[in-house]
Amino acid sequence: MKVYEGANIRNVCFVGHGSCGKTSLVSGLLFTAGMMNRLGRVDDGTTVTDYDEEEVERKISINTSMAYAEWGKTKVNILDSPGYGFLIHETKGALRVADSAVVVVDGVAGVEVQTEKVWSFADEFQLPRLIVLNKLDRERASFERAMESVRKNFGRSTISLQLPIGIEKNFRGVVDLIHMKAHTYDLSGSGKLTEGDIPAEMKDPAQKAHEGLVEMVAEGNDALMEEFFEKGTLPVEDFEKGLLLAILERRIVPVVCTSAYFNVGAQDLLDVIVNYMPSANAREVVGFESTAWDKEVRRKGIESEPLSLFVFKTVADPFAGRVSYFRVYSGSLKNDASIYSFNRSSSEKMAHIGVLQGKTSTAVPELKAGDLGAIAKLKETLTGDTLGDKGNPIYFRPVAFPEPAIAFAIEPKTRQDEDRIGTAIHRVLEEDLALRFSRDLQTHELLLSGTGQQHIEIVVSRLRRRYQVEVKLKTPKVPYRETITGKADAQGRHKKQTGGHGQYGDCKIKMEPLARGQGFEFANEIFGGSIPRNFIPAVEKGIVESAGRGFLAGYPVVDFKVELYDGSYHDVDSSELAFKIAGSLAFKKAMEQARPVLLEPIMNVEIITPEQYAGDLMGDLNSRRGRIQGMDSRAGNQIIKAQVPMAEMLTYSPVLTSATQGRGTYSMEFSHYDIVPQQISQKIVEAAKAARQGKEEEVEE
Ligand SMILES: Nc1nc2c(ncn2[C@@H]2O[C@H](COP(=O)(O)OP(=O)(O)OP(=O)(O)O)[C@@H](O)[C@H]2O)c(=O)[nH]1
Ligand SMILES: [Mg+2]
């Protein structure tokens, strides 16, 4: 395997709505570039990038996969990301390390919900991008309608570099509007292209489209504009340079046409990526001095700078163990080098670095700035870590993972499953940062929390297949929290002084609410030593532990501040334990005064439904305490956006299916926590009390 310079590397991330054809397109590119000897298909489970057994089984992408196509002098590094809403955080993590986004749009459906989502991610990372109108071979595909949808959603800067030749089942190639040639493809899937003249009936529209493109490139570039006015057109070289610049500056988003299924457009797509997407050394590298993320460190993304690399993903491979995916941002990584992990303050040996073609790794001697690679069996490194040259620290900021949108209680099926579950879950958590695992403090059940029911189902299936651990999914749970709405001032005094060594701890605290999402704050306001300094952390610990166990219904207490302002101690009898207990007593007393309430997660819900059902669905959302945020129509469908408490959405799936005869779909994600209305809160508190008593009786028996 050749070692590539950043200038000859393109890092592209394929993104788009679920099932728009990303994985199939990647498969076509790899075959066309000669990296594979057959055209892998999603439906047969034979693609390079959907290799995980859950992906093959479900025919969807779950993980971001890496692949590469060597095309001329250039290596195109491809990240194939998932498109379904409950996995979209994974896509964001992949865009984080890409230099451009290939946004795939279904040529029948046009721009969809997740298309908009990934577009906003690309905006956030300021990535140049390319739109691919795919599935143009399908019935009811329309280039004009798809373009209209793209322009309506993403603006006038989107412009096609091609016109399709034929449409639906006659789609067989494209007119290249830059060079004004027709490219027809062999429909057997080989991806082979024949160049010829533009078909007579397309000459006029092609000429018009070409002129529009030239004008657009000239716009915003004074030198080109002048030349354009003088000559009425631009020489191809000047035009291509202008186009490249406009794309890199994100003034133009080019559009190309494909059918991944028949592998039409693959060569053109590779050419456009190589010619017009940014090279891997083009962007300045921006990191931080520390994980406080306040002071920036900037350097060039080139080989002569000190080494830095960022681990953006971890995969638990059943054979190779922990595999870390990374991008070299600056410097050059040599195989077998020992490099420093800034996050772990230890060094890691980079033995057997490689590049991935799906699941297959090929060893490389070196990876230069801009390149992507993978390595197995790092000791301590996890997703989100930065490694590099110890003398030149830099930290790259990882993408934040979403708050869980749903939690299920799980139950190991047998004793053996129970024994194994700990290790298995540990591995799964390491590769899936959107997953949480905890124990319900009330019921002692094991809880798995994730972005949606499908997410949890995939995890359960993975536990079974990969780790031979069988678990039963029980009812979904709402991750309630508790907080306070008033102030309090309380004393906690723990005193046991009968016979032998006594215990004595005493503290006075003030408590007040914090803004939502602020968590917990502790202020030590003791002056004059009423509590010795070494016991103060014990008071805080007592409070934190009690807060974790909850006050009303056993849910963690959040968003409050405690000020420790006074107390007393005993020379002999005071200890850390005594002050911890005193802290916990003070906390409970303060909670009694501070008007505690329950908080519940509120979800952003988006429902897509044929219009005729929209009215009923909105009525139903109202009865679920939902607040409608907006309505939108798209391609004959109605989109309803609403905020609804998670508790009301746990069993929504079957309701929506029956209300829309299976034609409605919905997605949701966490928005914020809000106070549970009094009546509902009361029921939850009572149920928790009953559960607690039940448990206690069980223990007594
Ligand atoms: N007719 C036709 N079908 C296509 C085309 N591209 C993809 N498909 C089919 O669409 C389905 C989804 O394709 P994928 O390649 O898995 O789509 P994806 O965007 O990778 O899906 P996710 O990663 O799960 O979001 C498969 O059944 C493909 O065979 C195309 O150009 N034409
Ligand atoms: Mg896919």
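**Exercise 1.** Find which helix gives the most to the shell around ligand 1.

*Solution.* Keep in mind that this is a predicted model. Start with the helices: H1 (residues 22-32) gives the most to the shell, with three residues. Next, take in the whole shell, which has 22 residues, the closest being Gly21, Thr23, Ser24, Ser61 and Gly83. Finally, sort the shell by class, and you get seven nonpolar, ten polar and five charged residues.

**Exercise 2.** Work out how domain 1 meets domain 2, and which strand supplies the largest share on the domain 1 side.

*Solution.* First get the bounds: the domain assignment puts domain 1 at 7-198 + 252-276 and domain 2 at 284-388. Their centres, taken over C-alpha atoms, are 27 Å apart. The contact uses 16 residues of domain 1 and 15 residues of domain 2. On the domain 1 side, strands S1 (9-16) and S2 (65-71) each bring at least two residues.

**Exercise 3.** Pick out the residues with the most contacts inside the largest nonpolar core.

*Solution.* This core has 115 residues, and the ones to pick are Cys13, Phe14, Ile78, Ala101, Val105 and Val132. Helix H9 (residues 266-276) holds the largest share of it, six residues. Domain 1 and domain 2 each put in at least three residues. Now zoom in on Cys13: leaving out residues up to four places away in sequence, Cys13 touches Leu79, Ser81, Ala94, Leu95, Ala98, Ala101 and Val102.

Terms used. Residues are numbered from 1 along each chain as its sequence is written. Chains are lettered from A and ligands numbered from 1 in the order in which they are written. This is a predicted model: local features need pLDDT of at least 70, side-chain atom pairs count only at pLDDT 80 or more; totals for chains, interfaces and linings use all residues. Domain bounds come from an automatic or database domain assignment. Two residues are in contact if their C-beta atoms, placed from the backbone, lie within 7 Å. Helices (H or I, at least four residues) and strands (E, at least two) are DSSP runs, numbered from the N terminus. A residue is near a molecule or strand if its C-beta atom, placed from the backbone, lies within 6 Å of it. Ala, Val, Leu, Ile, Met, Phe, Trp, Tyr, Cys and Pro count as nonpolar, Asp, Glu, Lys and Arg as charged, and the others, Gly among them, as polar. A nonpolar core is a set of buried Ala, Val, Leu, Ile, Met, Phe, Trp, Tyr and Cys residues joined through C-beta atoms within 7 Å. A residue is buried if 20 or more other C-beta atoms lie within 10 Å of its own, exposed if 12 or fewer, and partly exposed in between; C-beta atoms are placed from the backbone.
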